[in-house]
Amino acid sequence: MDIQFIASVAVIAPERAKSRELFVDALGLPLEASAGSDYFHSERIGGSKHFGVWPLTEAAQACFGMAEWPADRPVPQASIEFEVEDANAVQAAADELSAGGFTLLHEAREEPWGQTVARLQSVEGLIVGVSFAPSLH
């Protein structure tokens, strides 16, 4: 696996309004909502390719295809995604992680915005993604 860079970091927000109050109102981060989503994010914060505040319901939808986080899994507090060289490398990385004994939340797949990503959950509860986002290249 050849990690190119950290593609994104996102806070997982069970209470979107409170998170927005901190990150946008108090800290003044230039976060904007995605169309049709409560996911607030920016590519304009120094030192970060992408920072977001990801609603827990949307994280659950992305990982499990449902709006509620499964009760048998730790509720995540953050997500981090590591970028690889291309979309094919995402599946290769997913295969490597599976072979190493890690259980994927989902295999590599292309999201509607063009990112290819596979995700797992670390023992700490962190959502860890291996991804390729053409917009970051």
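**Pocket and rings**

The largest pocket has a volume of about 660 Å³. Here a pocket is an open set of points on a 1 Å grid over the protein atoms alone, where a 1.4 Å probe fits, with protein on both sides within 12 Å along at least five of seven lines. Of its 25 lining residues, Ser34, Tyr39, His50, Trp113 and Gln115 are the closest to the centre. Lining residues have an atom within 4 Å of a point. The lining comprises nine nonpolar, 10 polar and six charged residues.

The model is predicted, so local features need pLDDT of at least 70, side-chain atom pairs count only at pLDDT 80 or more, and totals for chains, interfaces and linings use all residues. Residues are numbered from 1 along each chain as its sequence is written, and side-chain values use heavy atoms, without hydrogens and water.

Now the rings. The structure holds three aromatic pairs (ring centres within 6.5 Å; planes under 30 degrees apart are stacked, over 60 edge-to-face, the rest tilted). Phe23 and Phe51 form a tilted pair, because their planes meet at 55°, with centres 5.7 Å apart. Phe23 lies in helix H1 and Phe51 in strand S4, 28 residues apart.

Phe64 and Trp69 pair edge-to-face, 5.0 Å centre to centre and 85° between the planes. Phe64 is partly exposed at 28%, whereas Trp69 is buried at 10%.

How values were computed. Grid points are joined across faces, edges and corners, and a volume is the space filled by probe spheres set on the points. Ala, Val, Leu, Ile, Met, Phe, Trp, Tyr, Cys and Pro count as nonpolar, Asp, Glu, Lys and Arg as charged, and the others, Gly among them, as polar. Rings of Phe, Tyr and Trp (its six-membered ring) pair if their centres lie within 6.5 Å; planes under 30 degrees apart count as stacked, over 60 as edge-to-face and the rest as tilted. Helices (H or I, at least four residues) and strands (E, at least two) are DSSP runs, numbered from the N terminus. Buried means under 20% relative accessible area, exposed over 50%, partly exposed in between (1.4 Å probe, protein chains only).
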